[in-house]
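Hi there,

Here is the structure I promised to pass on to you. Have a look at it, and then read on for what I found.

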Amino acid sequence: MINITKKQRYGVAAMLDIALHQAQHPVSVLAIAKRQGISPSYVEQILAKLKRAHLVQSMRGPGGGYRLALDGEDMTIERIVNALEAVSFKGESESEESELTAFLWEKLSTQTKHFLQNVTIAQVFENKKKAIHW
């Protein structure tokens with residue numbers, strides 16, 4: 001089964017926060033940390049990885065912070081989670097029960113991966129506005 005880590009979840013939250021608040025000015029680490037309830041040092045670690053993956057740009061100096069490096073339509077959730085850590089698929093044990101359910105968990109992992117590949121930041125906001133389901 002697919003395993004999304006806390007770092008990956010926080011990374012997606014930070015990217016959504018930046019996308020939502022970057023229109024007027026770059027978004028600071030402290031602002032993200034406060035709004036998302038994440039420690040500033042952990043936000044910095046996450047954003048450093050996202051910057052190395054060319055998903056965010058940083059601006060230094062007064063009023064500095066972060067902006068998305070890509071449009072929301074081009075930023076998939078999969079790109080974000082993979083930039084932070086490779087998505088892992090937990091293997092089942094070799095028990096008889098796992099043989100019976102292996103297909104189920106494999107199918108779920110495939111569907112989850114497909115979902116992450118096809119959902120963008122822009123779609124998350126659009127979905128929120130329209131209150132529709134995928």
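**One side of a helix**

In helix H4 (residues 77-84), the residues that count as buried are Ile77, Glu78, Ile80, Val81 and Leu84. Buried means under 20% relative accessible area with a 1.4 Å probe, counting protein chains only. These residues lie on the same side of H4, because they cover an arc of only 160 degrees around the axis; the arc is taken from the directions from the helix axis to the C-beta atoms.

This is a predicted model, in which local features need pLDDT of at least 70, side-chain atom pairs count only at pLDDT 80 or more, and totals for chains, interfaces and linings use all residues. Residues are numbered from 1 along each chain as its sequence is written, and side-chain values use heavy atoms, with hydrogens and water left out.

Which residues of H1 meet H4? They are Lys7, Gln8, Gly11, Val12 and Met15, and their partners in H4 are Ile77, Ile80, Val81 and Leu84 (contact means heavy atoms within 4.5 Å).

Now for the whole protein chain. It has six helices and four strands, where helices (H or I, at least four residues) and strands (E, at least two) are DSSP runs numbered from the N terminus. Starting at the N terminus, the order is β-α-α-α-β-β-α-β-α-α. The protein chain has 134 residues, and 33% of them count as buried. Among its contacts between residues at least 6 apart in sequence, 65% join residues at least 24 apart.

Enjoy exploring!

Notes: Buried means under 20% relative accessible area, exposed over 50%, partly exposed in between (1.4 Å probe, protein chains only).
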